[in-house]
Amino acid sequence: MTNRRPELKQNGSSPQRRFDVVIVGAGFAGLYMLHRLRGMGFKARVLEAGTGVGGTWYWNRYPGARCDVESVQYSYQFSDALQQEWEWSERYAAQPELLRYANHVADRFDLRRDIQLNTRVNAAMFDDASASWVIESSDGARVAAAFCIMATGCLSSPNLPAFKGIAAFEGDHYHTGCWPHEGVDFTGKRVAIIGTGSSAVQSIPIIAAQAKHLTVFQRTPNYAVPAHNAPLDPEFVRRIKASYPELRARARKTMTGIDFDYSDALAMETSPQERQREYETRWQRGGLSFLGAYRDLMVDEEANDTAAAFVRGKIREKVRDPELAEALSPKNTIGCKRLCIDIGYYETFNRSNVTLVDVSETPIEEITPRGVKVAGRQCEADAIVFATGFDAMTGALLKVDIRGRGGLALREKWSAGPTTYLGVAMAGFPNLFTVTGPGSPSVLTNMLPTIEQHVEWISDTIAHMRARGFDRIEASAAAEDEWVSHVGELASRTLRYTCSSWYLGANIPGKPRVFMPYIGGFPRYVEKCNEVAARGYEGFVLS
Ligand code: NA7
């Protein structure tokens, strides 16, 4: 199968329409991509599986869903008018507000006329003869385009572990990543939740307050730092709006593309008392900047453990039952799995209607018609929430049967792990771009500025090709190999391989263990992309 040329005409109809660019996905990446390309005079079309725009914030409607980057920074900056007129209401925007924002952007820039909803892309095939892509959706319809851009998101393919018996469960079950639009009322219900990642940490306090009883099945405890979420003070907003360019410029200089206080100090060169003060200050401030306290936290185990021990101490203060506090205390590297930002998570376990079941040693045996079975004991439930995460970074791309030059299947190319050049392009797949693909900083950074950088770089590349009369661009195998080794080499110098995170693909049975995002930081990545372009697209073959 691998190298068979796709039969473009036999398996479906001929493409019904031709575009310059087809964009897959109408999340923040797809929306801006469409706006920018259209502004450059390209004929572009977005194909989106959902019934609305918003991507992550369209699908993740679970109780408590909220962004872990502050709203004034998790927002577009390409239009100053947009950032001046939009009013964020809270420090960390909740899902409904983020979805309203995505819809506002779609309306404000008149994007909807080029977005086709209810259209799940199944396959994309490169046709060598015409140097174009044929994109097929699940209803069999086909469109053709000179360029195909996958704006399918990093955490958009939900992972539902293959628990025995799910189909026979008599109650209702939900996955946090595809929550019913009408919401779920757990009042009076016995609820089981499986997983204790960010989605669970956000939803557990809210479900516990509503349900008759909540049982939490925990395989790995997680570190959570308080959000200290609050309504935004109008004076703060006024100051931010008056100095947005400066804020954005400062953010662009940080590793994560987020403007917060990163210290250059080393934990191991700081006294224990001073460290404690620093962690306490950051804890009181709340949010992800906790890990910015010292620059050796993600590279030196001893340094890391000072921060981990501090959080474990906080858990002991918050959870009344010492045994329960111990069970909720992570022992692994803090920041290896993504740090969670919480609103009353640990305190929820003090409630009399919440039970923790540790499944680290004895995994969930099966889902029975009436509940969840562990070690021969059944926990009865009327509803089960699977907060079991995503097939991150590669899942959504591999769900589409993408065939490059000579029929090369992406699934085949990536069988030992994803390989890309800069996280935006792949050898063997001409005229195909990925926004925030594996090998890009993406999930280690603030997604919005990262998306904007990719969109601008990709659209500038396409415009460059038009200006020079090129109709084909492909990453060279050598440039791709070099980039992949560079990404792996940087990750290997950190503590990122010490846990079973989704960054490594370790949450999906059988997925190759490769640290997928680029860990070198936003500024270094942007510099590399700009250099590549300035050198006439070094590492790409244009023809
Ligand atoms: P995560 O962070 O991947 O969390 C998934 C959770 O589900 C995690 O606690 C897993 O335990 C647990 N899990 C997965 N499979 C199983 C099985 N088979 N049995 C028991 N427990 C299981 O996903 P989220 O949706 O919470 O967050 C994803 C990202 O979205 C987050 O990092 C933010 O960036 C936003 P494990 O840790 O693997 O032992």
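In the loop between β14 (371-374) and β15 (377-380) lies A375, where helices (H or I, at least four residues) and strands (E, at least two) are DSSP runs numbered from the N terminus. The structure is a predicted model, in which local features need pLDDT of at least 70 and side-chain atom pairs count only at pLDDT 80 or more, whereas totals for chains, interfaces and linings use all residues. Residues are numbered from 1 along each chain as its sequence is written, and side-chain values use heavy atoms, with hydrogens and water left out.

The phi of A375 is near 50°, a positive value in a residue other than glycine. A375 counts as partly exposed because its relative accessibility is 49%, given that buried means under 20% relative accessible area, exposed over 50%, and partly exposed in between (1.4 Å probe, protein chains only). A positive phi, of about 55°, is also found for T436, which is not a glycine. T436 is placed in the loop between β18 (432-434) and α14 (447-468), and with a relative accessible area of 4% T436 is buried. When neighbours within four places in sequence are left aside, T436 is in contact (heavy atoms within 4.5 Å) with C154, M393, G423, S442, M447, T450, I451 and H454.

I364 belongs to strand β13 (residues 364-368) and, at 13% relative accessibility, counts as buried. Apart from neighbours within four places in sequence, the contacts of I364 are F163, I194, F217, V359, V372, K373 and V374. Between I364 and R100, which are 264 residues apart in sequence, the C-alpha to C-alpha distance is 38 Å.

S132 is located in strand β5 (residues 132-137) and is buried, its relative accessibility being 1%. Not counting residues up to four places away in sequence, S132 touches R18, M125, F126, D127, A145 and A146; of these, A145 is 13 residues away in sequence and 5.6 Å away in space, C-alpha to C-alpha. The side chain of S132 makes a polar contact of 3.3 Å with the side chain of R18, and a polar contact of 2.8 Å joins the side chains of S132 and S130. A polar contact is a pair of N or O atoms within 3.5 Å; within protein, one must be able to donate a hydrogen and the other to accept it, and residues adjacent in sequence count only if both atoms are side-chain atoms.

In helix α7 (residues 244-252), the buried residues are Y244, L247, R248 and A251. These residues lie on the same side of α7 because they cover an arc of only 95° around the axis, the arc being that of the directions from the helix axis to the C-beta atoms. Among the elements that cover the buried residues of α7 are α3 (80-85) and α6 (234-242).

The ligand is surrounded by 18 residues, the closest being T196, S199, T220, K337 and R338, where a residue is near a molecule if one of its heavy atoms lies within 4 Å of it. An oxygen atom of the ligand is 2.6 Å from an N or O atom in the side chain of S199, and an oxygen atom of the ligand is 3.1 Å from an N or O atom in the side chain of R338.
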